[in-house]
Amino acid sequence: MNATVRRLDGPVPLELKDVYAAYHGDISVLNGLNIKVREGIVTGIIGPNGAGKSTALKTFYGFLKVSRGEVRHNGQRINGTKPSDMVGRGVSFVPQNRSLFNDLTVEDNLRLGCWGIRSDKARIQEALERSYEMFPILKDKRHDSAGSMSGGQQRFLELARALVIDPDIIMLDEPTAMLAPKVSRELYDFISGLPEKGVTVVLVDQNVRQCAAVSDYLYVLDLGANRAEGASADFGDDEGLKAMIQEWLDYQID
Amino acid sequence: MSSILLYNALIGGLVFGAIYALIGASLNVMMGVLRVVNFAHGEFVLIGSFLAYSVFSLTGLNPLAALPVVAIAMFFGGVAAYYLLIPRLRYSDDAETSSFLLMFGVSLMLVSSITWIYGADIRPVNFSFDPVNIALLTVEDAYGKGRDGKVLVPTARLVALVINLAIIAAMTWFIYRTLPGKALRGAIMNRDAIQVVGIDIDRLSANAFGLAAALAGVTGVILTLVIPSVDPNGGAPLTLFAFIVIVLGGLGHPIGALLAGMLFGMVEQFSNVLLPQSAAQMVGFVMLVAVVMFKPEGLFGRKVMR
Ligand SMILES: Nc1ncnc2c1ncn2[C@@H]1O[C@H](COP(=O)(O)OP(=O)(O)O)[C@@H](O)[C@H]1O
Ligand SMILES: [Mg+2]
C-alpha cells in the first residue's frame, strides 16, 4: 500500500514507557502501556472501544496524570508537561472530539494554530500560505466560519491547523470517524503521505483494515495495555490476532 | 404625556443600558471562559465604586480620575484571585455549583470588608460638573400654551455614557479583532481545543478573570457618576442585573450581553415613564421569564453551548 518501504527501526522521538494513568483518583485506565513512536513512519493504534487508545494519545500530550512509568520525548522524561507546551515541542494533536472554534473564521482558526509564533507576522503569513497551498479549499473558505463547513472540510481544517507550524509529529484520533467513504479515502491518502513531508504520524483508528493499510507499524491495545504489535505487513499472517480482531469487529456490529 | 419624558427615558435607557451592558459583558467573559458562576460580580463593581469614592473624598478630584488605577489594580487583583481560588475547583465533582458557593462566600467577604473599611452608611459622591446639566434639545410647545421645554441631562450622566461606550468599543475591538481576544472567544467555544493550539488554559483563564474584574471595577467607577453615592450593600442588585443580562443575551456571547444590557436599560426606563410604578418594576422580570420559557439560549445566543 505504501509507496516507499519505510524503516521500522528508526529513532524513537516519542514513547510511553510502562505507563499507568487515571482520569480520576486511582482508577487506572492505562495499565503499564508501552508505545514507541518511530520517526518517519505511520504508527497505528487499534483496539476495541474503550481500550484506552484515546487515553494513550491524551497521556502523550500531558492531559492525564501519569502515576507510574514515563512519557519520553527525544530521550527526555516529560511527565507532567502541560498540553499547551507540546506544540512548542513539535508535537501536534487532533483529538477525537471536534476541536475547531466554530464561530471563528477558517483563517482565525489557523492563526490560533500559530499562537506559538504569534509575534512573528512574516512567519505566520508564510505558514498560512503553506496551509492554503496544501488545502486549496481552505483558502476559498478562509473568511467563512469554521462551523459552517462540511464535516470533511472541518476535519481537513483541523489537520491544517495541526500542521500549520510544521510539527515533527502529529497524533490523530479517529480522523475519519463519521465521514463519507470518499472523504475518508482522501484523508487516508493525505495521512499516509505525511512521513514523506517529514512528519511522523500516530494514528488511532476504529477502522482496523484502513488503519492497517495506512500504518507501517501497528499496536493493538486492550484494557489499557498492550495486546500485540508488529509491522503492518506481517499482521495478516497472525491467525490468533486475526481471530481476535474478527471477534471485536463482530462485537461492534452487534 | 410630554415628549420630554420620553426623551428622558431614552437617555436614561442609554445611560443605564450601557452600564448593564458592561456589567453583563464582563460577567459573560468570566462565565464563558472559566465556567465560574461569579456571584460576587456586583461586589467587584462595588470595589471600583468605593475606590472612586476614596479618590474623590481624599483629593476632591473627579471620581473618573480613579479609572486607570482601578482598571490596573483590579486586573492584577483578579489574576491573583484566580490563582488563589479557581484552580481548587478542579478537584470538585461539580465545579460549576462549587464555583457558585465559593463566589457567594467571596461576595459576603467583600461586603464585610467594605463595611469594615468604610462603615455601613451610604456615602454621597457629590462631585459636581460644571455645568451641572446640559440642554440636549428644545421641545417646542412641550407643556402647551406655547411654553417650550428643554431636555436637560445631567452632565455627569452624559460623561458616564460617553466613557462607557468608549470602553465597550475598546472591549469589542479587543475580543473580536485581536488574536488574544479571539483566543478568549475560542476558549468560550471549545475549552478543550484551546490547549491543542498551544495556549496555556490557566494563563488564559487568569487573564480572563483579571479582564472581567477590571471591567467590573471600571463599571463601578462610572456608576458613581450616574448614581452619586456608594452603598456597601449595593452589590447584590448589580449581580442580579448581570445575571439577567446574561440570560437575556445568551451565555458566553459577549455581544449578546451588550445588546441585552441596552435592551434591559431601555425597557426599564421606558416602563418607569409609561407604566404605573408597581407594574414598571415587574417588566424586566417578566421579560426574563419569557426569554427563559421561549428562547432559553438567549435573545442573541445560539444553541451551541455545551
Ligand atoms: N474523561 C474521562 N473520564 C473518565 N473516564 C474516561 C474518560 N474518557 C475515557 N474514560 C474511560 O477510559 C477508558 C478508555 O477510554 P478511551 O481511551 O476513550 O478508549 P478508546 O479511545 O480506545 O475507545 C474507558 O473505560 C472510558 O470509559
Ligand atoms: Mg477513542
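Biologist: Why is A:Phe93 called buried?

Modeller: Buried means under 20% relative accessible area, exposed means over 50%, and partly exposed is in between (1.4 Å probe, protein chains only). A:Phe93 has 4% relative accessibility, so it counts as buried. Bear in mind that this is a predicted model: local features need pLDDT of at least 70, side-chain atom pairs need 80 or more, and totals for chains, interfaces and linings use all residues. Side-chain values use heavy atoms, without hydrogens or water.

Biologist: And what makes A:Phe63 partly exposed?

Modeller: A:Phe63 comes out at 30% relative accessibility, so it gets that label.

Biologist: How do you know that the rings of A:Phe63 and A:Phe93 are tilted?

Modeller: Rings of Phe, Tyr and Trp (its six-membered ring) pair if their centres lie within 6.5 Å; planes under 30 degrees apart are stacked, over 60 edge-to-face, the rest tilted. Here the centres are 6.4 Å apart and the planes at 55 degrees, so the pair is tilted. There are 23 aromatic pairs over all chains.

Biologist: Why is the pair B:Phe127 and B:Phe129 called edge-to-face, then?

Modeller: Their planes sit at 90 degrees, with 5.3 Å centre to centre.

Biologist: Are those two buried or partly exposed?

Modeller: B:Phe127 is partly exposed at 27%, while B:Phe129 is buried at 16%.

Biologist: What share of chain A counts as buried?

Modeller: Of its 254 residues, 52% do.

Methods:
Residues numbered from 1 in each chain as written. Chains lettered and ligands numbered in written order.
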